[in-house]
Amino acid sequence: MSNEEVLKAVFPLLEGADLASCMAVCKQWRDVALDDYFWKCQCAKRWPSICKRPKPPTVTYYKLYQTFYKRQQSRILPPPRISFDDLEFFIDIWTEERLIFSEVVPGPILQAGFKIPPSGICDKLRFHIDSNEYKMTLPVEPRFTIPVSQTVSVSVLVGRKDTNKVACIINKSMFDYIDRTSFRAMAFDFLDISPVYPFVSGIRAWISLLFMEDGSDGALDVFGIQMDFCDAANSKEEVLWLLDMLDWK
C-alpha cells in the first residue's frame, strides 16, 4: 500500500482533534486530511441526521465541524460588573427556632477564607479546604456548637452597596446531610435568577458547616461556614457574574 492509501485507511478512525493535528504534519497529510469524506465521518459521530442530506448546509463538512466544534471550547468571560467589595452577605443559622449565628459578612472577608486552617481538623477536610475548587469561606470566631439531634436551618441574603438592593441566596434551608467522614454538614437552595434570564434555572447554592467533634456525644463544633455554586460557577469571575444575575429587589 502507498503512503496515501495507508492514511486514507487510518484517518476515518481518528477523532476530530487528532485528524486536525495530522493536517499540521506535512503537505501530503494535510491534502489527504482535507478530503471532506473524513470530516463527514466526524460530523456523523456528532450530528448523524445532518449527514443524510446530499450536501452539507455549509460549504463543506470540514467547515461545519470546524464551526461548531469551536463553540464547545470555554470562552473567556468579560470582567464582572460587580466585585466582592460591592457585596455583603447576611447569614443566619437556627437550631429549631433558636437563632445561634447571625452575622453581616463583607464580601472581601468571605472571599479571603482561612489564612491558616485551624489545627486539629482531619486530613480529608484539610484537603477540601486547600483544594483548587472555588469556595467562599468564613472562619467562625467564636465557634458555636450544634447538637446533632436538633434541626438546623440557614438563610443567606446578599446585598449590593452600590445599588442598595438585596437578593436571596438561601431561604431557610435545612442541613439535611451530615458527612462525618469529611466533617461537613450541608444544605442547599435553588437560586432566584432575574426574569431577564428566562432560560437560566436549576442552579443551586450550597452552604456547608465545617466542624470538629467537640468531645460531647452527638455535638458539632463549628469553626467555619463555606458557600459555593459548583453547579455553574467555579471561579471568582463566574461567581460574580452569577450573583449579578440574581433577582435583585
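**Close-up views of a predicted chain**

View 1. Thr137 belongs to strand 3, which covers residues 136–147. Its side chain makes a polar contact with the side chain of Gln226, at a distance of 3.0 Å.

**View 2. The peptide bond between Glu141 and Pro142.** Glu141 and Pro142 are joined by a cis peptide bond, with omega at about 0 degrees. Pro142 lies in strand 3, the strand in which Thr137 of the previous view is also placed. As background to this view and the two that follow, most peptide bonds are trans, and most residues other than glycine have a negative phi.

**View 3. Glu96 in the loop between strand 1 and strand 2.** Glu96 is found in the loop that runs between strand 1 (87–95) and strand 2 (98–106). Its phi is near 55 degrees, which is a positive value in a residue other than glycine. With a relative accessibility of 39%, Glu96 counts as partly exposed.

**View 4. Lys172 in strand 5.** Lys172, although not a glycine, has a positive phi of about 50 degrees. Whereas Glu96 is placed in a loop, Lys172 lies within strand 5, residues 165–174. Lys172 counts as partly exposed, at 34% relative accessibility.

**View 5. The whole chain, as context for the close-ups.** The chain contains eight helices and nine strands. Its radius of gyration is 26 Å, well over the 18 Å that the globule rule gives for 249 residues, so the chain is more spread out than a compact globule. Taken along the principal axes, the C-alpha atoms fill a box of roughly 80 × 40 × 30 Å. Of the 249 residues, 40% count as buried, and among contacts between residues at least 6 apart in sequence, 59% join residues at least 24 apart. The chain exposes about 14,400 Å², of which carbon and sulfur atoms supply 54%. There are 29 positive and 33 negative side chains, and the centres of these two sets lie 11 Å apart.

Terms used:
Residues are numbered from 1 along each chain as its sequence is written. This is a predicted model: local features need pLDDT of at least 70, side-chain atom pairs count only at pLDDT 80 or more; totals for chains, interfaces and linings use all residues. Side-chain values use heavy atoms; hydrogens and water are left out. Helices (H or I, at least four residues) and strands (E, at least two) are DSSP runs, numbered from the N terminus. A polar contact is a pair of N or O atoms within 3.5 Å; within protein, one must be able to donate a hydrogen and the other to accept it, and residues adjacent in sequence count only if both atoms are side-chain atoms. The radius of gyration is taken over C-alpha atoms; the globule rule is 2.2 Å times the number of residues to the power 0.38. Buried means under 20% relative accessible area, exposed over 50%, partly exposed in between (1.4 Å probe, protein chains only). Contact means heavy atoms within 4.5 Å. Accessible areas come from the Shrake-Rupley method with a 1.4 Å probe; for residues, only the protein chains shown count as cover. Lys and Arg count as positive and Asp and Glu as negative; His and the chain ends are not counted. The place of a charge is taken as NZ of Lys, CZ of Arg, CG of Asp or CD of Glu.
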